[in-house]
Each structure stands twice: as C-alpha cells, then as structure tokens.
Amino acid sequence: MPDNPVNHEIPDEILSAFDRKLFSGAYSNTPHIRIDKGNRSLPRLNKIVDTIEQVVIKTGLSDGMTISFHHHFRGGDKVINMVMDVISHMGIKNLTLAASSLTTVHSPLVGHIKSGTISRICTSGIRGELADEISAGLMDHPILIHSHGGRARAIETGKIKIDVAFLGVPTCDVYGNANGYTGASACGSLGYAKVDAHFARKVVLITDTIAEYPNTPFSIHQDQVDYIVVVDQVGDPKGISSGATRLTKNPRDILIGSLAAKVIACSGYFEDGFSLQTGSGGASLVTTKFLREYMEQQNIRANWALGGITAQMVKLHEDGLIKRLLDVQSFDQEAIRSIGENRYHSEIDASYYANPLNKGCAVNKINVVVLSALEIDTEFNVNVLTGSDGVLRGASGGHSDTAIGSGLSIVVAPLIRGRSATVVDQIKTVITPGSTIDVLVTDRGIAVNPRRPQVAEQLRRCKLPVIPISELKEKAQKLAGVPEPIIFEKKIVAVVEYRDGTILDVVRQVQA
Amino acid sequence: MRIVKTGTAGTLESSDVMITVRSNGTDGVQIALQSIVEKQFGKQIRATIEDTLKSMSIDHAYIDVKDQGALDCAITARLVSAVYRAAGIEKIDWEAL
C-alpha cells in the first residue's frame with residue numbers, strides 16, 4: 001500500500017496520469033540533502049575537496065574528455081598549469097583543452113602536449129612559447145581558434161561539450177557562490193567562466209579564499225557547482241591586471257587615437273545616448289581620452305559602454321559621461337574596483353556579450369567599436385592572430401563579433417610596425433571579414449570601406465585625411481620595402497572558426 | 001677610412017637598430033645579423049649594410065647588427081655613425097653625408 005506519511009491512499013492511475021513516481025521518503029531522491037540535522041552554520045555542508053587530484057577522480061575525468069578553463073587571470077593565471085600538472089601526473093591522456101584563451105604563462109602546456117595528455121585545443125588566443133611550438137607543428141590535430149561569441153555559441157549548442165570545467169575564482173563560499181571582485185586575486189568580471197559554469201557536465205571551482213556564506217553578489221552560483229578546491233594562490237595579482245591601464249606617451253599612438261576620436265565625432269553616430277566599445281591597446285585608450293573632450297564640448301553622453309572595461313571607461317562612467325557599463329572582462333585594477341562598487345557597472349557573460357545565435361547579444365546594439373589589427377588588406381579583411389612572420393601570436397577575441405554587430409567599426413593601427421607593413425596585399429590569416437569593417441585609421445591617413453560612402457563623405461566634410469586604402473598600402477610598401485614571402489609547409493596548425501561556426505581560414509606551419 | 005677601435009651606434013628600441021663595428025684584420029666584411037624580421041628582410045638588411053660600407057670604402061670590418069625592425073634609412077644612419085666612431089673620426093664632414 002502507499003508509502004505516504006499520513007497513510008492516504010494514492011491510486012496508481014493518478015501516478016500514471018501525472019507521469020510521476022510515488023513518494024518514497026524525504027531523503028531518497030535528493031542526494032545533496034544532509035540527513036543528520038544540526039547546526040547549519042558549521043561548514044560541514046560543503047563541497048570542499050582536499051586536493052586537485054581527489055577532485056579529478058571525483059569528476060570521473062578520463063581519457064578523451066574535454067576540460068575547460070577561463071582566462072580572467074590573464075598573464076597571472078596559475079590555475080591551468082596547476083591543474084594540468086596534476087592531470088598529467090595521473091596519466092590521463094588525449095584530452096581536449098577548451099580554454100576561453102591562453103597567454104604566455106601557459107608554455108608548460110607544451111610538455112603536456114608532448115606527453116599526450118592534451119591532444120586538441122580550442123581557444124580564442126595563443127601566444128608565447130606555446131604558440132611558437134604549435135606554429136612549428138607540435139600538434140597532430142590543428143587547434144581551433146574561435147571568437148568570444150563563437151565560443152559561447154559552441155558551448156550552448158553543444159559543439160563544444162565540456163566534461164569538466166576547472167574554474168579559478170578569486171573568492172567563493174563553501175557551497176560554491178563565487179565572485180571575481182573580492183579576494184587577493186581579484187580579476188573583476190567572470191564573464192567567460194559563467195558560460196562554462198552553466199553548461200559543463202561537472203564544475204570544479206578552484207580558489208585561494210573561502211568567503212562567508214552566502215558570498216553575494218555572486219557570478220557563479222551554488223546550484224552550478226559540484227566541487228571546490230582551496231589552493232595557495234589562483235593568480236599572481238601583478239599578472240592579472242595593471243594598476244590602471246596607463247595612457248601611452250607614444251606620439252604615433254596619440255596621433256592615431258586623436259584621429260579616431262575625430263572620426264567618431266564626425267561619423268554621424270556621435271549623438272546623445274550613443275554606445276561604444278574600445279579596446280585596451282595604446283591608440284584605443286587614447287581614443288577614449290580624446291572622445292571625452294568632444295563629449296564635454298558638445299554636451300553628449302553615452303548611454304552605455306561594452307567590453308573589456310578599462311580605467312578610462314570607469315572614469316567616464318563615474319563622471320557621468322557613460323551611464324552604464326556592461327563588462328565581460330575587467331582589464332585593470334580600476335575596472336575591478338568599479339564592478340564591485342558601481343551599481344550600473346554590470347557583469348555580463350560571453351553569450352550575452354556576443355553569442356550570434358542567442359536571442360540577442362550586446363554587440364548587436366553597439367553604435368561604435370574601436371578595434372586593433374596586426375594586418376589589414378585592401379579589402380579591409382583583418383588579421384589579429386598571426387604575426388608578419390606567420391607565427392601564431394594573438395587572439396580572435398571579440399574582434400569579429402563587435403565588427404559585425406556595431407553600427408560603425410573602426411580599426412586603429414600604425415601603418416608600419418617595426419619594419420612590417422600593417423596594410424598589405426595579402427594578410428596571413430583572416431579573423432574578421434572586410435565586409436564588416438568600416439574605417440581604418442592610421443598615422444598616415446584614413447581609409448573608408450567603399451561600402452560606406454556616406455561615412456567617407458562625412459569624414460571628408462570634417463577635413464579628415466581620407467584616402468583610398470590602396471594608397472595606404474603603397475605608402476607602407478615604400479617605407480618598409482617589399483618583404484620576402486614567408487614559406488609555409490602543407491601542415492595546418494590552426495583552424496579559424498567564424499563566430500557562426502563556419503570555417504573562415506586555416507594557419508599553416510611556418511618553414512623552419 | 002680605417003677601423004681602429006670599436007664603435008657603436010643605435011639602441012635596442014623597437015624600430016631601431018644597434019650596430020657595433022670593430023676591426024677584423026683583413027678578413028673582409030663580416031656581418032653578424034640578428035633581426036626580428038630576418039625572414040622577411042634579412043637579405044635587404046645585408047645588402048643595405050654592404051652598399052653603405054662600400055660607399056665608405058670599408059673593405060674589412062666585423063659588423064654586429066641587432067635589429068628591432070629599423071627602416072633602411074635608420075640602418076644606414078646607424079651604420080655610418082658606428083663606422084665613424086670605430087675609425088676614431090670626430091670631425092665629420094656633414095656636407096659629404
């Protein structure tokens with residue numbers, strides 16, 4: 001008869017009509033509920049596991065699975081190397097490493113690739129020794145390069161299935177509520193990690209600071225988290241962020257930045273309530289500074305700014321010139337402070353930021369974006385991944401996401417870097433299609449994509465030096481000379497995925 | 001012009017080149033080139049150096065070049081300075097340059 005606390009009869013027809021099972025005891029179907037009652041403030045009800053090795057065992061990680069990491073600790077990240085050392089030591093092989101991005105501190109991964117622990121990599125960016133080795137043909141499978149929005153799309157649609165996410169967090173409580181703007185290793189927004197926490201099969205938080213429960217306001221929440229490991233340090237604060245991203249004194253960057261600000265002011269998009277995203281590169285930061293002057297002169301305020309938030313953006317926000325900040329990644333100490341303090345400096349995840357297949361991402365609403373480029377061709381296609389020597393050394397980032405989403409996409413770059421021309425006939429790798437780039441601002445002139453004749457007209461009216469992009473290319477060639485062509489091998493070392501999931505380009509091994 | 005000591009010009013800043021010139025007896029012109037754009041511009045950098053030395057009638061010298069992506073005009077200027085210094089010439093005929 002029915003197992004019901006008060007012995008009421010529950011007919012089977014009811015169970016089948018509602019497609020439900022019969023109650024079988026308060027504790028039997030909820031394994032996380034503690035049966036022994038007691039003092040709930042004691043941290044006994046927690047998810048803390050003593051070591052990374054133990055947590056790897058608990059997650060059931062095995063050969064051929066996919067593990068993920070985020071890059072909010074940037075050059076100060078200690079989590080990826082720490083976790084990979086343990087996994088490698090345990091002898092697990094053939095893993096896919098799905099990191100939101102990788103930096104120069106991740107060169108120890110070379111050893112884990114050679115040992116067979118890692119056999120595939122998906123990432124937005126790659127630099128340093130790891131990038132050099134991969135460019136020289138280290139891996140059997142090409143790595144996959146995706147944009148920030150593309151990664152969110154791939155994870156949400158199951159193209160990237162994360163078995164275990166190892167997410168470093170500056171602080172969390174014993175139950176897994178984590179945030180990024182408190183603790184010794186504070187990194188600000190956890191926008192990229194939030195996607196992994198939402199979709200990974202198992203979620204492991206790694207922290208150096210256990211906060212009081214509940215650690216509100218939180219970015220990653222307890223209902224998403226399986227285990228927590230406490231370590232000495234998740235990141236080196238010096239590598240995580242600079243104090244405040246400093247403005248460059250390089251006169252060329254200042255010239256480019258001032259031109260870019262004037263381009264924005266003259267473009268027709270500069271009106272009260274506009275929105276913008278600028279990067280953290282030298283010229284891009286200067287653009288923000290000069291734009292402030294135009295905003296004050298013309299009494300124009302921005303409704304919001306997106307991105308990679310920097311000290312410059314925070315200053316504009318706190319001075320009332322930008323009403324709201326949407327922050328997927330906080331670039332410096334000021335941005336980290338602000339996201340903790342300012343009510344309208346909001347954390348957003350990578351999907352909200354730029355996923356092209358969700359119901360609406362922020363890049364679609366942005367008016368003006370200022371982007372960088374390693375190379376740009378005369379069709380305005382942009383390379384931000386490979387250097388003039390053909391070697392991997394950059395990141396796709398939000399470049400292609402914001403370029404297509406924005407009303408006006410502006411690329412700022414010096415015409416020549418070292419001896420390498422930025423404007424060329426043929427770029428090494430396409431990350432952002434030229435059909436989504438509107439204006440190129442260099443120290444030797446401005447070029448407007450022919451598909452935007454009205455913008456060109458506006459800029460000419462403001463007496464800005466608008467010239468055909470082919471002329472910029474010739475100027476660069478005259479100064480730098482014509483380089484010997486880089487010789488590539490047949491082997492493909494990286495595949496570039498466009499934000500929609502299609503394959504846009506490949507990178508080949510550079511001949512030694 | 002004769003190389004009598006070691007002469008250096010330039011810096012290791014981006015877009016500059018540091019050139020050191022010293023005597024190597026009668027071993028001809030020897031160039032030790034390190035450049036961040038060696039693959040793309042190595043040949044052109046060597047040619048610029050050889051042409052400049054020829055124009056200064058230097059037949060024997062050891063030239064150490066640490067290039068950070070300097071343009072040809074910068075390479076030539078740094079090399080001429082280094083050669084003058086290595087030749088111990090302090091009075092420079094600017095008109096001739």
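Domain bounds come from an automatic or database domain assignment, and for chain A that assignment gives domain 1 (48-240) and domain 2 (251-487). This is a predicted model, in which local features need pLDDT of at least 70 and side-chain atom pairs count only at pLDDT 80 or more, while totals for chains, interfaces and linings use all residues. Residues are numbered from 1 along each chain as its sequence is written, chains are lettered from A in the order in which they are written, and side-chain values use heavy atoms, with hydrogens and water left out.

Q: Why is the pair Glu484(A) and Lys43(B) called a salt bridge?
A: A salt bridge is a side-chain nitrogen of Lys or Arg within 4 Å of a carboxyl oxygen of Asp or Glu; the closest N and O atoms of Glu484(A) and Lys43(B) are 3.5 Å apart, so the pair meets the rule.

Q: How many salt bridges does the rule find across the interface of chain A and chain B?
A: The rule finds two across that interface, whereas between domain 1 and domain 2 of chain A it finds zero.

Q: What makes up the contact between chain A and chain B?
A: Contact means heavy atoms within 4.5 Å, and by that rule 14 residues from chain A and 14 residues from chain B take part.

Q: What is the area buried between domain 1 and domain 2 of chain A?
A: Buried area is the accessible area (1.4 Å probe) that two parts lose on being put together, summed over both; for these two domains the value is about 2400 Å², of which carbon and sulfur atoms give 59%.
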